[in-house]
Amino acid sequence: HWRLVIDMSHVAFVASAGLGALVSAHNSAKSAKGKMAVCNLQPDLLQMLQLTRLDKLFVIKPDREAAVKVVR
């Protein structure tokens, strides 16, 4: 079972290929009965995920500690 936390604290921009990689990681985790969470999103990245409705797909947490708790 996957347990994956993606910390985006040092990420200012994600291109479409990066979004595709996040979706792929989510799908892989889900198919392996695992869990994935994304944390520490910059406001612009959070807005982009909301506009693309990917915020409905991903578990988004404000910090790493909260994300780790979710994937346990």
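View 1. The model shown here is predicted. Three helices and three strands make up the protein, and along the sequence they follow the pattern β-α-β-α-β-α. The radius of gyration is 11 Å, close to the 11 Å that the globule rule gives for 72 residues, so the protein is as compact as a globular protein of that length. Along the principal axes, the C-alpha atoms fill a box of roughly 30 × 25 × 20 Å, and buried residues make up 28% of the 72 residues.

View 2. Strands of a sheet pair through backbone hydrogen bonds, either parallel or antiparallel. In this protein the three strands are arranged in the order S1-S2-S3, and their pairing is parallel. Strand S1 (3–7) and strand S3 (59–61) are the edge strands, each of which pairs on one side only. On average, and with direction ignored, neighbouring strands of the sheet are turned by 25° against each other.

**View 3. The pairing of S2 with S3.** Strand S2, which covers residues 35–39, pairs with S3 in the parallel sense over three bridges. Within this pairing, Val-38 stands opposite Ile-60 in S3.

**View 4. Helix H1 and His-26.** Helix H1, formed by residues 16–31, lies across S1 and S2 and runs at about 150° to S2. His-26 has its place in helix H1, and this residue counts as buried because its relative accessibility is 13%, which is under 20%. When its neighbours within four places in sequence are left aside, His-26 is in contact with Met-36, Leu-57 and Phe-58.

Definitions and conventions. Residues numbered from 1 in each chain as written. Predicted model: local features only at pLDDT ≥ 70, side-chain atom pairs only at ≥ 80, totals over all residues. Heavy atoms only, no water. Pairing = 2+ DSSP bridges. Helix = DSSP H or I, 4+ residues; strand = E, 2+ residues; numbered from the N terminus. Axes fitted to C-alpha atoms, helices over the stretch in contact; angles between N-to-C directions. Contact = heavy atoms within 4.5 Å. Buried < 20%, exposed > 50% of the residue type's maximum accessible area, 1.4 Å probe, protein only. Rg over C-alpha atoms; globule rule 2.2 N^0.38 Å.
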